[in-house]
Amino acid sequence: MNPVPSLTDEIFAAFLKCKYKAYLKLRGVIGERSEYEQLQTRLAAEYRIAARNNLLRVRGQAAVVLDPPSLRDAIRSNVSAHP
């Protein structure tokens, strides 16, 4: 019996663009990534880094939970929303 594949952000984003692409990703079919898709991936990663750095600069380290094991743990950490 094959394990049930998990729904990832990447598969969900693919589903919003093309149901067939999401189906292929869910099945583990690996295709060739276009230059545009590579650019989108790189820009998204750069944006996440810039947003994180800006949040740390504006709010400070004490107001930001970095890499919590889960959303529940992040919420329970009781970091105030306003310094």
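**View 1. Glu46 and Arg42 sit about one helical turn apart in helix H3.** These two are four residues apart in that helix, so about one turn separates them. Their side chains form a salt bridge, with the closest N and O atoms 2.8 Å apart. By salt bridge we mean a side-chain nitrogen of Lys or Arg within 4 Å of a carboxyl oxygen of Asp or Glu. Glu46 is partly exposed, with a relative accessible area of 40%, and Arg42 is partly exposed too, at 44%. For these labels, buried means under 20% relative accessible area, exposed means over 50%, and partly exposed is in between (1.4 Å probe, protein chains only). One thing to keep in mind for every view: this is a predicted model, where local features need pLDDT of at least 70 and side-chain atom pairs count only at pLDDT 80 or more, while totals for chains, interfaces and linings use all residues. Residues are numbered from 1 along each chain as its sequence is written, and side-chain values use heavy atoms, with hydrogens and water left out.

**View 2. Stepping back, the protein has four helices and zero strands.** Follow the sequence along and the pattern reads α-α-α-α. Helices (H or I, at least four residues) and strands (E, at least two) are DSSP runs, numbered from the N terminus. How much of the protein is made up of buried residues? Buried residues account for 7% of the 83 residues. The protein exposes about 7600 Å², and carbon and sulfur atoms supply 58% of that; the areas come from the Shrake-Rupley method with a 1.4 Å probe, and for residues, only the protein chains shown count as cover. Now for contacts, meaning heavy atoms within 4.5 Å. Among contacts between residues at least 6 apart in sequence, 3% join residues at least 24 apart.

**View 3. Lys25 and Glu10 meet in a salt bridge between their side chains.** The N to O distance here is 2.8 Å. The pair links distant parts of the chain, with Lys25 in helix H2 (residues 19-26) and Glu10 in helix H1 (residues 9-17), 15 residues apart. Lys25 counts as partly exposed, at 24% relative accessibility. In total, the structure holds four salt bridges.

**View 4. Glu37 pairs up with Lys21 in a salt bridge.** The closest N and O atoms are 3.7 Å apart. Glu37 lies in helix H3 (residues 35-59) and Lys21 in helix H2, so the pair ties together parts that are 16 residues apart in sequence. Is Glu37 buried or exposed? At 18% relative accessibility, Glu37 counts as buried, whereas Lys21, at 29%, counts as partly exposed. Leave aside the neighbours within four places in sequence, and Glu37 is in contact with Lys21 and Lys25.

**View 5. The largest pocket holds about 360 Å³ of space.** Which helices each supply at least two residues of its lining? They are H1, H2 and H3. The search runs on a 1 Å grid over the protein atoms alone: a pocket is an open set of points where a 1.4 Å probe fits, with protein on both sides within 12 Å along at least five of seven lines, and lining residues have an atom within 4 Å of a point. Grid points are joined across faces, edges and corners, and the volume is the space filled by probe spheres set on the points.

**View 6. Leu7, Phe12, Phe15 and Leu16 form a nonpolar patch on the surface.** Together they have about 450 Å² of accessible area. A patch like this takes residues with over 30% relative accessible area and no salt bridge, and joins nonpolar side chains (Val, Leu, Ile, Met, Phe, Trp, Tyr) within 5 Å. Phe12 lies in helix H1 and counts as partly exposed, at 44% relative accessibility.

**View 7. Gln61 lies in the loop between H3 and helix H4 (71-76).** Gln61 is exposed, with a relative accessible area of 51%. Not counting residues up to four places away in sequence, Gln61 touches Leu56 and Leu66. Leu56 lies in helix H3 and is partly exposed, at 21%. With neighbours within four places set aside, Leu56 is in contact with Gln61, Val64 and Leu66. Leu56 and Leu66 are ten residues apart in sequence and 9.7 Å apart in space, C-alpha to C-alpha.

Technical notes: Patch = residues over 30% accessible without salt bridge, like charges linked within 9 Å, V, L, I, M, F, W, Y side chains within 5 Å.
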